[in-house]
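Student: Hey, could you walk me through this one slowly?
Tutor: Gladly, let us look at it together.
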Amino acid sequence: MICPLCHKVEAELFHTDRTRTFYKCPDCTIIFVPRNQIISKEEEKSRYDTHNNDETDPHYREYYLRTVDPVVRELFPEMKGLDFGCGRTQLMKTLFSEKGFRMDSYDPFYVPDESIWDKDYDFIVMNEVIEHLADPVATLSDLRKISRGPLFVRTKLYPESDFGKWFYMRDPTHIQFFSLKALAEIGKVKVLGEDLYRIEWK
Ligand SMILES: [Zn+2]
């Protein structure tokens, strides 16, 4: 099975659970689920439909601010961003605009505003999105074309041991898992905080 990220080498079987198998690329070290085992788009959406999206819930705002605050420190006022894979809520856009930034939201299920592809952005945010992408290389390459600046990624890096006990791998909408080395396939990585990375496109 060819690695879906670096496309360089055959990935090796790494882990199996009751419903899925996981392969690991010996080169870029990404761990992924073969694409013939991923759930349908309908099933995927019905799972996202159950996510908590109460924008007035302080815990929910706090969760978003854990991304917004460190990202804002990397930016200059008036920069224009894209929240790619925003989900059902546009809270990210609201919080960025409260801090003086312009932002568009996009989500293939909830905000399918295809006009983003005709624009340019100073920065792009993917908040727990990259682990869901069916074709990460195609999506990242599309995003790079509309990007003038860094990509900010929030995702959980997989643990060095006990992968099978890790809660993140059990979500059926999570179909790839990164290490720092795997993120570096996209570009130069700077760690901004727990699970939050700034990437300069290659
Ligand atoms: Zn690879």
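Tutor: We start with a term: buried means under 20% relative accessible area, exposed means over 50%, and partly exposed lies in between, using a 1.4 Å probe on protein chains only. This is a predicted model, so local features need pLDDT of at least 70 and side-chain atom pairs count only at pLDDT 80 or more, while totals for chains, interfaces and linings use all residues. Residues are numbered from 1 along each chain as its sequence is written, and side-chain values use heavy atoms, with hydrogens and water left out.

Student: Ok, is Cys-6 buried or exposed?
Tutor: Cys-6 counts as buried, at 11% relative accessibility, and Cys-28 is buried too, with a relative accessible area of 1%.

Student: And which residues hold the zinc ion?
Tutor: The zinc ion is coordinated by the SG atoms of Cys-3, Cys-6, Cys-25 and Cys-28, at 2.2 to 2.4 Å; donors are N, O and S atoms within 2.8 Å of the metal (3.2 Å for Na, K and Ca), and sites may look incomplete because water is not among the atoms. Along the sequence, these donor residues follow the spacing C-x2-C-x18-C-x2-C. Cys-6 in the segment before strand 1 and Cys-28 in the loop between strand 2 (21–24) and strand 3 (31–32) are 22 residues apart, a pair that links distant parts of the chain. Helices (H or I, at least four residues) and strands (E, at least two) are DSSP runs, numbered from the N terminus.

Student: What about the angles at the zinc ion?
Tutor: The angles among the four donor atoms are 101 to 121°, and the site is tetrahedral, a label for four donors with all angles between 85 and 135 degrees. For comparison, the ideal angle for four tetrahedral donors is 109.5 degrees.

Student: New topic: how many salt bridges are there?
Tutor: The count comes to 15 salt bridges, where a salt bridge is a side-chain nitrogen of Lys or Arg within 4 Å of a carboxyl oxygen of Asp or Glu. One of them joins the side chains of Lys-8 and Glu-185, at 3.7 Å from N to O. Lys-8 lies in the segment before strand 1 (12–16) and Glu-185 in the loop between helix 5 (180–183) and strand 9 (187–193), so this pair ties together parts that are 177 residues apart in sequence. Lys-8 is exposed, with a relative accessible area of 53%, whereas Glu-185 is partly exposed, at 21%.

Student: What does Arg-198 pair with?
Tutor: Arg-198 forms a salt bridge with Glu-74, with the closest N and O atoms 2.9 Å apart. Here Arg-198 sits in strand 10 (residues 196–201) and Glu-74 in the loop between helix 2 and strand 4 (80–84), 124 residues apart.

Key: Tetrahedral: all angles 85-135°; square planar, octahedral: opposite > 155°, others 65-115°.
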